[in-house]
Structure formats: structure tokens, C-alpha cells
Amino acid sequence: MKKFIVFFIALVAMCVIKAKAQTSLLATLNHEGTVSTFYGSTALQQAHEAAANGDVITLSSGTFLSVDITKAVTLRGAGMTLDAATQTEPTVLANDFKITIDDEVTDRLTIEGIYSNQQITIAKLKNAMFLKDRIRKISITGIEFYGTDLTFIHCRITETYSGSYESNNSATFQNCIVSYINGNNYSFKNCLVGRNNGSTGLCDNSEYKNCVLIEPYAYRNSMTMYNNLYLSSSQLDCPNNTNVQLSTDDERVKNLLTYSDDNDYKLTEEAKSIMKGTDGTEVGIYGGSIPYDPTPTNPQISKFNVAAKTTADGKLSVDIEVKSAE
């Protein structure tokens with residue numbers, strides 16, 4: 001059930017605002033209860049420049065120029081997919097960007113509901129959350145780059161997660177799709193990991209539980225693996241018998257092999273009956289306590305209207321509609 005919150009903002013500075021108000025792109029910045037509004041493709045850049053650690057930036061649907069993130073903000077988009085029910089389009093970040101946040105910052109960076117077909121480079125980041133994002137590539141491969149205690153929930157990483165092999169690299173993936181990953185110190189639960197055009201490199205000091213793994217190889221003793229469904233033409237030897245292997249030619253799982261943004265990766269009823277996860281639910285991204293759902297949890301800017309003219313006292317009326325889940 002959706003409720004609608006409609007609020008009005010009267011803005012002065014009419015000449016500048018009137019020029020920017022003709023676009024459908026909008027970013028709001030919430031700083032300690034005070035809301036500022038920015039317009040156009042550079043709205044995210046403007047909002048980030050004005051933000052402080054702990055602030056909330058909310059983006060409408062549409063395509064925004066990215067910004068190198070240096071502040072621990074909460075960045076909220078309208079979603080990574082087209083929501084047919086609400087006709088809400090995704091929030092797209094148009095170019096590569098880097099994340100660098102000093103260790104001394106106590107606030108948490110959270111990025112939710114964005115679509116990126118570019119590369120995100122993580123130079124320095126701890127205890128951050130990525131939620132319901134579609135990202136082509138994440139790179140943490142610089143000499144001194146690291147990502148520590150990162151959390152990914154309901155995300156799609158469509159090409160590569162290039163992680164560091166150093167001990168200060170670590171991440172948890174929950175109900176995510178990860179096409180390829182390297183590095184160490186990961187936890188995967190109810191994920192789909194791998195792609196049909198190359199082997200899935202399993203990672204040292206990592207746990208795989210209730211996952212679907214496509215063409216996994218090279219099991220090592222530093223790994224923990226329980227109740228995973230292997231889709232592979234070659235045998236993967238593990239020290240327990242809770243994992244099940246199927247050929248990639250098996251008709252029950254062929255829909256899982258090829259990446260597409262339109263693929264929902266739901267198990268067929270025949271595949272669901274093959275095995276259960278450690279908690280009794282299905283393996284893969286729709287199992288566990290938080291089944292995959294790309295719909296953002298945060299309020300979303302669904303539309304806004306700007307008056308054609310200012311009032312006699314130089315104010316411009318802006319009608320913004322925000323949707324939030326109850």
C-alpha cells in the first residue's frame with residue numbers, strides 16, 4: 001500500500017530557478033531537517049558539494065552526472081529498474097566515479113536504488129551499505145585501496161567485482177547477483193554467483209551458503225560451503241555432501257545461466273525441488289529471510305511540477321510528490 005506525501009516549496013532566486021526548473025531531474029538534500037533542492041543533470045554533484053556527513057540526498061528518476069563521493073551520506077534513488085506498477089523509471093548514474101571516505105568518519109555511506117552501467121572505484125571505504133543497486137563493475141584494485149565490512153543486499157553486479165587480496169578487504173553479499181568476483185574474505189548467502197561464459201573463481205577465506213554457483217572451480221580448505229547448487233560440467237570436491245551439482249545442460253536451470261537485466265532468476269518448480277537451503281527455504285536469491293526484491297525501501301520522488309510564472313513577490317511554486325511504503 002502506497003501513501004502519497006505532497007509538499008510545496010517556495011523558492012526565491014527566480015531567474016536561476018526558472019532556468020533550471022524546466023528539467024525533470026531533481027535532487028533534494030536533507031541536512032539536519034532543512035531541505036535544499038537542486039535541478040538538472042548536475043543536481044547530484046551540487047547536492048554532494050553542499051552535503052555533510054550524515055546527510056540524505058534523494059534523487060528523482062532520470063540520468064544524473066556522477067560525482068566522486070567523499071562524504072558518508074545516504075544516497076537514495078528511485079530504483080534500478082522500471083517499476084511497471086507505479087511507472088517509476090530508474091535513477092541512472094551516467095559516468096564512472098570513485099568513493100573515498102576517511103576512516104575517522106563515523107557516519108555510514110548508504111547507496112540505494114541506483115542503476116550504473118559504469119565503473120565504481122572504491123579507494124577507501126569501511127562499513128558501507130549498497131542496497132537494491134544495479135552496478136556494472138566495482139574495482140578495489142589500487143595499491144592502497146580497500147573496502148572493509150561492506151554490505152550488499154538485493155544488488156546486481158553485472159560484470160565484475162574486483163576486490164583486493166589484502167586482509168583489510170571484506171564484504172557480505174545477501175540475496176545478490178554477482179557475475180564474477182575475485183579477492184578474499186567474503187560471505188555469500190542466497191546469492192547467484194557466476195556467469196555461463198567463464199568459470200566462477202571461488203574466493204579464499206569465504207563462506208558460500210544457500211547459493212547458486214555457475215561453473216565454480218578450485219575449492220580450497222579456507223572456504224566454507226553448505227547447501228549450494230553447483231551448475232557445472234566438472235566436479236567440485238568439497239568436504240561435505242550438502243551441495244548438489246547439476247550440468248549446465250540441465251533444462252531445469254538453463255534460465256539461470258545468462259545475464260540479462262530482464263532476467264528475474266527465479267528457480268523453476270523442478271529446480272526448487274532438488275534441494276533446500278540450510279533454513280528450509282529455496283536456494284538462490286529468493287530464499288532466506290529477505291527474498292530478492294528490487295523495489296527501493298526509501299521514499300521516492302515520483303514527480304514534480306513547477307509553476308510557469310513566479311508570483312508578484314518573486315516566488316516560484318514547486319509541487320513535489322513523494323511516494324513511500326507504509
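The following legends describe close-up views of a predicted model.

**View 1. Overall composition of the chain.** The chain contains three helices and 29 strands (DSSP runs numbered from the N terminus, helices being H or I with at least four residues and strands E with at least two). Of its 326 residues, 50% are buried (under 20% relative accessible area, with a 1.4 Å probe and protein chains only). The accessible surface is about 14600 Å², and carbon and sulfur atoms contribute 48% of that area (Shrake-Rupley method, 1.4 Å probe).

**View 2. The buried face of helix H2.** Within H2, residues 43-50, the buried positions are Ala 43, Leu 44, Ala 47 and His 48. These buried residues line one face of the helix, because they fall within an arc of 130° when seen down the axis of H2 (directions from the helix axis to the C-beta atoms). They pack against strands S2 (26-31), S3 (34-39), S4 (56-59), S5 (62-64), S6 (74-76) and S7 (91-93) (contact: heavy atoms within 4.5 Å).

**View 3. Strand S14 and its parallel partners.** Strand S14, residues 150-153, is covered on both faces, with Leu 150 and Phe 152 buried on one side and Thr 151 and Ile 153 buried on the other. S14 pairs in the parallel sense with S11 (residues 129-131) over three bridges (pairing requires at least two DSSP bridges), and Leu 131 has Ile 153 as its bridge partner. S14 also pairs in the parallel sense with S16 (residues 171-174), over four bridges, where Leu 150 stands opposite Ala 171.

**Notes.** Residues are numbered from 1 along each chain as its sequence is written, and side-chain values use heavy atoms, without hydrogens and water. Local features need pLDDT of at least 70 and side-chain atom pairs count only at pLDDT 80 or more, whereas totals for chains, interfaces and linings use all residues.
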